[in-house]
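We'll walk through it one stop at a time.

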Amino acid sequence: MPRDGSITLSDVREPTLSIVCEPCSRRGRYSVAKLMEQHGDAKLTDLLQMLADCPKARSASIHDRCKAVYRQLLR
């Protein structure tokens with residue numbers, strides 16, 4: 001799969017990947033090793049929508065979209 005400059009699972013140096021969404025209080029922690037087994041070296045941008053599993057992920061309004069982000073990338 002071409003990287004296109006994207007960060008992929010193999011770039012993550014921590015054993016877990018955490019997501020947060022402040023507006024809906026969504027939180028999740030995932031094992032990077034298990035994610036690699038299930039999804040290969042997926043781009044984090046593509047994986048976020050799957051992990052967040054939010055009905056607002058594809059909202060037509062930019063103001064109503066899911067705001068889930070990777071906690072590690074907030075720093």
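Select L17 and, leaving aside its neighbours within four places in sequence, you'll find it in contact (heavy atoms within 4.5 Å) with L9, V12, G28, R29, Y30, V32, L35, L44, Y70 and Q72. Before going on, a word on what you're looking at: this is a predicted model, where local features need pLDDT of at least 70, side-chain atom pairs count only at pLDDT 80 or more, and totals for chains, interfaces and linings use all residues. Residues are numbered from 1 along each chain as its sequence is written, and side-chain values use heavy atoms, with hydrogens and water left out.

**Stop two: the sheet**

Now colour residues 16-21, which make up strand β1. Strands here (E, at least two residues) and helices (H or I, at least four) are DSSP runs, numbered from the N terminus. Buried means under 20% relative accessible area, exposed means over 50%, and partly exposed is in between, using a 1.4 Å probe and protein chains only.

Two strands count as a pair if DSSP finds at least two bridges between them. Strands of a sheet pair through backbone hydrogen bonds, either parallel or antiparallel.

With the three strands on screen, you have an open sheet in the order β2-β1-β3, with antiparallel pairing. The edge strands are β2 and β3, each of which pairs on one side only. Helix α1 packs on this sheet, touching β1 and β2, and its direction makes about 80 degrees with that of β2. That angle runs from 0 to 180 degrees between N-to-C directions, with axes as lines fitted to C-alpha atoms (for helices, over the stretch in contact).

Click on I19: which residues are its bridge partners? In β2 the partner is G28, and in β3 it is Y70. For V20, the bridge partner in β3 is V69.

Now follow the chain from β1 into β2. The two form a hairpin with four residues between them, and S25 in the turn has a positive phi of about 60 degrees.

While you're in β1, pick S18. S18 counts as buried at 10% relative accessibility. Not counting residues up to four places away in sequence, S18 touches G28, R29, V69, Y70, R71 and Q72.

**Stop three: the core**

A nonpolar core is a set of buried Ala, Val, Leu, Ile, Met, Phe, Trp, Tyr and Cys residues joined through side-chain atoms within 4.5 Å. The largest one here has 16 residues, and those with the most contacts inside it are L9, L17 and Y70. β1, α1 (32-39) and α2 (44-52) each supply at least two of its residues. α2 gives the most, with five.

Select L9, in the segment before β1. L9 is buried, with a relative accessible area of 1%. Setting aside residues up to four places away in sequence, L9 touches L17, V32, L35, M36, G40, D41, A42, L44 and L47. Try the distance tool on L9 and D41: they are 32 residues apart in sequence but 5.3 Å apart in space, C-alpha to C-alpha.

**Stop four: T8 and the cysteines**

T8 also sits in the segment before β1, and it is buried at 2% relative accessible area. Its side chain makes a polar contact with the side chain of D41 (3.1 Å). Another polar contact, again 3.1 Å, joins the side chains of T8 and S10. A polar contact is a pair of N or O atoms within 3.5 Å; within protein, one must be able to donate a hydrogen and the other to accept it, and residues adjacent in sequence count only if both atoms are side-chain atoms.

Finally, select C21 and C66. C21 counts as buried at 3% relative accessibility, while C66 counts as partly exposed at 23%. How many disulfides are there? With a disulfide being a pair of cysteine sulfur atoms within 2.5 Å, the count comes to zero.
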